[in-house]
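Please view the sequence and the structure together while reading.

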Amino acid sequence: MDQPTVGILHPGSMGAAVAACAATNASTVLWCKVRRSLASAERASQFGLTPVTTLSELLDRSDIVISLCPPAAAEDLARDVAGHHFAGVYVEANAINPERVQRVAALLGPEATVVDGGVVGSPPVGGKTPTLYLSGAVPATERIETLFAGTAVRTVVLGTEVGKASALKLSYASFQKTSRVLVALAVGMAREYGVDQELVEVASRRTDSYLSEPQYVAKTAARAWRWGPELEEAADTLAAAGLPPEMLRAAASTLARWNDAKDGELTLTDALDRLAQP
């Protein structure tokens, strides 16, 4: 099969790095400059992506489109793509719940083939090797496997049912991200009483405890603007399954206190101080 042309929507820190891996087996990887920030343009240039001036041009030229954007924008973006009658493979790789993935598939209609995707792990840079879980029609998932073959993005196909990949992504995120929020609250409580160092010492006796890594709280704060919406999506998934969503909604509410720290360089003290301010 000839190398496909790939479009990335949009080149954030994860999207740009994933797109760069796709470029290994693609003829070119396109991104659209419309309403994108200077930071996005710099990332796209850094990873060697090819700019186009309109979404229409990107869709007309692309055989495969990968959607990686903040969860809230996923359906609006799919609606824009549907309006251009895109007829290729659309990888819905955002952290949204399975019901929303089904809505995206309905929006794109029979013209496009929707592959459900969920990225677990850090962006594929500096030796990091995230896994892109896939579910959907076999010919389409095989194309995505081929696209990332031999790259830092590992692919795993979960089956043909659209929604499975998103369910796995949110199941993992609900544990991993809520655990980090609990660390921040535990360290904040201990600091208030002057026993934060003792808390870390106790936790360090267990090498698998997140509490032994309090420095990660600052990274959690910087990522809160992304993690909070993911936990809301996970909470919706719990509710749809008849399970209590309140814990994840509370974690999302806690993360919202760090929204203004978006991708910032914080210290642990800075992060805890911000957390203590309603």
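The model is predicted: local features need pLDDT of at least 70, side-chain atom pairs count only at pLDDT 80 or more, and totals for chains, interfaces and linings use all residues. Residues are numbered from 1 along each chain as its sequence is written, and side-chain values use heavy atoms, with hydrogens and water left out.

**Aromatic rings**

The structure contains one aromatic pair. The ring centres of F175 and Y210 are 6.4 Å apart and their planes meet at 40 degrees, so the pair is tilted. Rings of Phe, Tyr and Trp (its six-membered ring) pair if their centres lie within 6.5 Å; planes under 30 degrees apart count as stacked, over 60 as edge-to-face and the rest as tilted. Because F175 belongs to helix 7 and Y210 to the loop between helix 8 and helix 9 (216-240), the pair ties together parts that are 35 residues apart in sequence. Helices (H or I, at least four residues) and strands (E, at least two) are DSSP runs, numbered from the N terminus.

The charged end of R180 also sits over two rings, as tabulated here. Such a placement requires NZ of Lys or CZ of Arg within 6 Å of the ring centre and within 35 degrees of the ring normal.

| Charged residue | Ring | Distance to ring centre |
|---|---|---|
| R180 | Y210 | 3.8 Å |
| R180 | Y216 | 3.7 Å |

**Backbone angles**

Most residues other than glycine have a negative phi, and most peptide bonds are trans. The peptide bond from L9 to H10, however, is cis, with omega near 0 degrees. H10 is placed in the loop between strand 1 (5-9) and helix 1 (13-22).

H85 has a positive phi, near 55 degrees, and belongs to the loop between helix 4 (74-83) and strand 5 (89-92). D263 likewise has a positive phi, near 55 degrees, in the loop between helix 10 (246-255) and helix 11 (268-275).

**A residue of helix 5**

L107 is part of helix 5 (residues 98-108). Leaving aside residues up to four places away in sequence, L107 touches E75, A78, R79 and A82; contact means heavy atoms within 4.5 Å.

**A surface patch**

Which residues form a nonpolar patch on the surface? They are M189, Y193 and V195. V195 is located in the loop between helix 7 (164-192) and helix 8 (196-204).

Technical notes. Patch = residues over 30% accessible without salt bridge, like charges linked within 9 Å, V, L, I, M, F, W, Y side chains within 5 Å. Areas by Shrake-Rupley, 256 points an atom, 1.4 Å probe, with all protein chains shown as cover. Salt bridge = Lys/Arg side-chain N within 4 Å of Asp/Glu carboxyl O.
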